[in-house]
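Please work through each task before reading its solution.

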Amino acid sequence: MEKRLKKTNSRYVIQLVTIFLGFIIFGFSENIKGPAIPRIQIDFMLDESQIGTLLSLNALGYLIACSFTNALTRWWGIKIVSSLSFGAMILSGVFIYLSRSYPAFSASYFFMYIGNGMLEIALAILGARIFVKNTGTMMNLAHGFYGLSSTVAPMIATGFMSASLFGHPLDWRGMYLFMLSLSVLPMIFALCGTFPGDQLSHEDRVPLKTLLRDRVLWFTVLILSFGVVSELAVGGWLVNFLEKAYGWEPVKASGMLSGFFLCFTLARLLLGPVTDKIGFTLSLVIFPAFSAVCTFAAIAGGESFAFLFAAAGIGVAMIYPTVMAFIAKRFPGGSDTAITFTVTLMGIGSVIGNYLIGGVIESAKAIFGGETETGLLRGLQAGYGFIGLCAAVCAVCSAVLYRFLKKRNELI
């Protein structure tokens with residue numbers, strides 16, 4: 001009995017390490033792009049609209065991965081799929097390092113987002129299977145490791161891009177190679193571990209057609225889509241905004257992005273129990289609204305209120321893990337399918353969102369003076385205002401869901 005207990009505990013530890021390291025890698029891969037984008041923009045001579053299109057096309061790779069990962073998980077199991085996702089991240093780092101033209105770089109980045117999509121689905125499914133108690137707390141703790149790596153990612157990326165190895169500058173290509181190669185660490189634990197749920201028969205799984213009849217699932221799609229656009233867009237646009245709108249140095253601008261992710265991480269590490277206590281649905285009303293208020297206040301207040309960009313991380317941090325915890329509780333027999341469906345449609349929202357941000361910036365620039373300093377400032381403010389608007393819409397959708405569930409006495 002004691003030997004079996006030790007074996008169970010050891011298995012659980014490996015599962016946790018795989019999830020936690022996986023989220024660390026996920027945070028690195030998502031948020032080293034902030035300091036890198038201005039350099040990529042210079043190297044390939046891209047404007048803001050092209051950057052928005054690039055991010056949207058890469059989000060399409062992420063979306064494609066989301067569409068097939070659940071099927072692979074059913075056929076091969078979560079162990080193999082998670083290992084493949086880590087391997088794809090490593091290989092994409094090699095491709096990015098070797099790319100010397102914009103088409104080659106775009107294809108490599110696209111491939112990295114396929115690995116990203118596979119990894120996110122795998123980690124979400126694994127979390128839903130393992131965290132059956134204190135779901136909100138554990139989901140936020142796991143995603144807190146994403147926040148930890150996201151906090152240090154911009155500073156590490158900036159440091160690596162200015163470093164040299166054997167007399168050769170690493171630049172953004174070498175930085176991507178090194179950071180993505182760290183995926184080998186969680187890959188080792190994934191290969192060594194055993195994971196629950198793969199033995200569940202197809203008869204015990206809730207089919208997608210049944211889930212689609214539940215309006216709550218469609219609410220989660222809207223909430224997650226708007227929430228994630230407001231989250232991920234910060235990594236891609238905040239450094240660009242601060243450097244071009246306020247003339248900040250790269251290190252200072254990256255520091256603010258790190259501040260955002262510090263607030264983001266602390267919120268996930270400390271506020272998870274709050275979501276369990278007040279309920280997941282109410283949490284999804286309060287936290288996105290807080291993020292929207294901070295973002296709008298930061299834009300309206302100008303450079304002296306820039307710290308509110310970082311404070312917005314407190315609210316936006318809670319959206320994704322809380323939605324995952326909500327899905328795990330609402331659809332216990334079909335969480336794999338519900339997560340995949342929700343995250344896949346979220347990917348579509350991400351594609352549209354990144355494209356719209358770039359388009360909003362260019363449109364506002366044209367209205368306020370084209371390439372003038374005022375036009376650039378107003379364009380960047382409008383684009384970042386769209387990020388705050390997404391958080392606000394997320395809060396409104398959550399409020400509608402709260403009212404819907406409360407009438408049916410089904411609040412979670």
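**Exercise 1.** How much space lies in the second largest cavity? Determine also which elements supply its lining.

*Solution.* The model is a predicted one. Begin with the volume: the second largest cavity holds about 90 Å³ of space. Next, consider its lining of 10 residues, of which Glu-30, Tyr-113, Leu-232, Ser-350 and Asn-354 are the closest to the centre. Then assign elements: α3 (48–76), α10 and α15 (335–368) each contribute at least two residues, and α3 gives the most, with 3 residues. Finally, sort by class: the lining of this cavity has 6 nonpolar, 2 polar and 2 charged residues.

**Exercise 2.** Describe the second largest pocket by volume, lining and residue class.

*Solution.* The volume of the second largest pocket is about 190 Å³. Its lining includes Tyr-97, Arg-100, His-168, Asp-171 and Arg-173. Two or more lining residues come from each of β2 (168–169) and α7 (171–181). The largest share, 4 residues, belongs to α7. By class, the lining of the second largest pocket comprises 5 nonpolar, 2 polar and 3 charged residues.

**Exercise 3.** Is Thr-18 buried or exposed, and which residues outside its sequence neighbourhood does Thr-18 contact?

*Solution.* First, locate the residue: Thr-18 belongs to helix α1 (residues 2–31). Second, apply the cut-off: Thr-18 has a relative accessible area of 2%, and buried means under 20%; therefore Thr-18 is buried. Third, list the partners: beyond neighbours within four places in sequence, Thr-18 is in contact with Leu-123, Pro-186, Phe-189, Ala-190 and Phe-195.

Notes
Residues numbered from 1 in each chain as written. Predicted model: local features only at pLDDT ≥ 70, side-chain atom pairs only at ≥ 80, totals over all residues. Heavy atoms only, no water. 1 Å grid on protein atoms, 1.4 Å probe; cavity = no way out; pocket = protein on both sides within 12 Å on 5 of 7 lines; lining within 4 Å. Points joined across faces, edges and corners; volume = space filled by probe spheres on them. Nonpolar A, V, L, I, M, F, W, Y, C, P; charged D, E, K, R; others polar. Buried < 20%, exposed > 50% of the residue type's maximum accessible area, 1.4 Å probe, protein only. Contact = heavy atoms within 4.5 Å.
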